[in-house]
Amino acid sequence: MSNNELADESTLYIYADGPKADATDAQLKKIEETRNVIRTKEWCKEVIIIESPSNNGLANSIVKGVTDIVNKHGKIIVLEDDLITSVGFLKYMNDALTLYEPESKVMHVSGYIYPVKTKDQSDQTFFLNILSCWGWGTWARAWKHYDHDTNVHLEHLNSKKKINDFNIQGHADYYYQLILNRDGKLYTWAVKWYASWLFAGGYSLFPYKSLTLNNGFDDTGTNSKSESGFYSAPTDYIEVTKTDLKEDLYYRKQVDSFYAKTIPHFKIKFILLLKKYNIYSTLKKLVK
């Protein structure tokens, strides 16, 4: 982060979660080691640390952090701790957040794009009706749509076509994530944010090349394990200029195809999880 252009003009808020009630001595030691690092590093002009005495979990930490910051500053750039950013990441995010602030339908800015074939184009950004949260930004005006109530989102998904569209033409498992959240088998935030702005008629801005790299596929992550299929070679800079507010059908088709080729083994793992909780057969009946 300190190597990013504009880092010396930025304020960094770090939300450091606390230990679980049953944390082992080894886990407590890792938490303290992490806090020692964030207390001494000067990644930006100003670093403000919010340390929790107990464990809030990833979802609660993200939701609280984003809510606090957008209420204070009107907009936010969000990074989780396993992301590596290109030198131009902050510039891209700031340019996009400034340019599209008046556009109420633009609700999310992504710093990552899936590893898809790019096309020759003058615009280096485009809009999609899908989500990536590997380095992203939003505004208070958009975050006000965030709804943590899974049932509200499921009410929108009342037909097979709507479920299929929400699931990236049937290749992702976002609908099932909502079901698991509803039933208390999963507790996440990103799928609810995706549903919140999508059902509010929003769009997400994407770069044609990524500005972030996810370093969390090393078997240590909370929600991600070992997988290289999402690797997208990052670039240093992306120029942000005004582009038509509509979904780019070329890139949507590319992302749909990527999901179709890459996600099946993830779906197998997810189905095994559903079967573990004895809800797979029920879901099959719901989507027929």
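Why is helix α8 (residues 190-199) largely enclosed by the rest of the structure?

## Helix α8

Helix α8 is largely enclosed because 8 of its 10 residues are buried, where buried means under 20% relative accessible area, exposed means over 50% and partly exposed lies in between, with a 1.4 Å probe and protein chains only. The buried residues of this helix are Ala190, Val191, Lys192, Trp193, Tyr194, Ala195, Ser196 and Trp197, and after the helix comes Gly201, which has a positive phi near 85°. Helices (H or I, at least four residues) and strands (E, at least two) are DSSP runs, numbered from the N terminus.

## The model and its confidence

This is a predicted model, in which local features need pLDDT of at least 70 and side-chain atom pairs count only at pLDDT 80 or more, while totals for chains, interfaces and linings use all residues. Residues are numbered from 1 along each chain as its sequence is written, and side-chain values use heavy atoms, with hydrogens and water left out.

The protein has a mean pLDDT (the predictor's confidence in each residue, from 0 to 100) of 88, and 86% of its residues reach 70 or more. Over residues 217-226, however, the pLDDT is below 50, and this stretch has 12 contacts in the model beyond near neighbours in sequence, a contact meaning heavy atoms within 4.5 Å. Where pLDDT is low, the predicted coordinates should not be read in detail.

## The overall fold

The protein contains 11 helices and 9 strands, and 43% of its 288 residues are buried. Among contacts with a separation of 6 or more, 80% come from residues 24 or more positions apart.

## Aromatic residues

The whole structure holds 25 aromatic pairs, meaning rings of Phe, Tyr and Trp (its six-membered ring) whose centres lie within 6.5 Å, with planes under 30 degrees apart counted as stacked, over 60 as edge-to-face and the rest as tilted. Phe126 and Phe206 form a stacked pair, 6.2 Å centre to centre with 10° between the planes, and this pair links strand β6 (residues 125-128), which holds Phe126, to strand β8 (residues 203-207), which holds Phe206, 80 residues apart. Phe126 counts as buried because its relative accessibility is 2%, and Phe206 counts as buried because its relative accessibility is 0%.

Phe230 and Phe258 form an edge-to-face pair, 5.3 Å centre to centre with 80° between the planes; Phe230 lies in the loop between β9 (212-214) and α9 (249-262), and Phe258 in helix α9, 28 residues apart. Both Phe230 and Phe258 are buried, and they belong to one aromatic cluster whose members include Tyr194 and Trp197.
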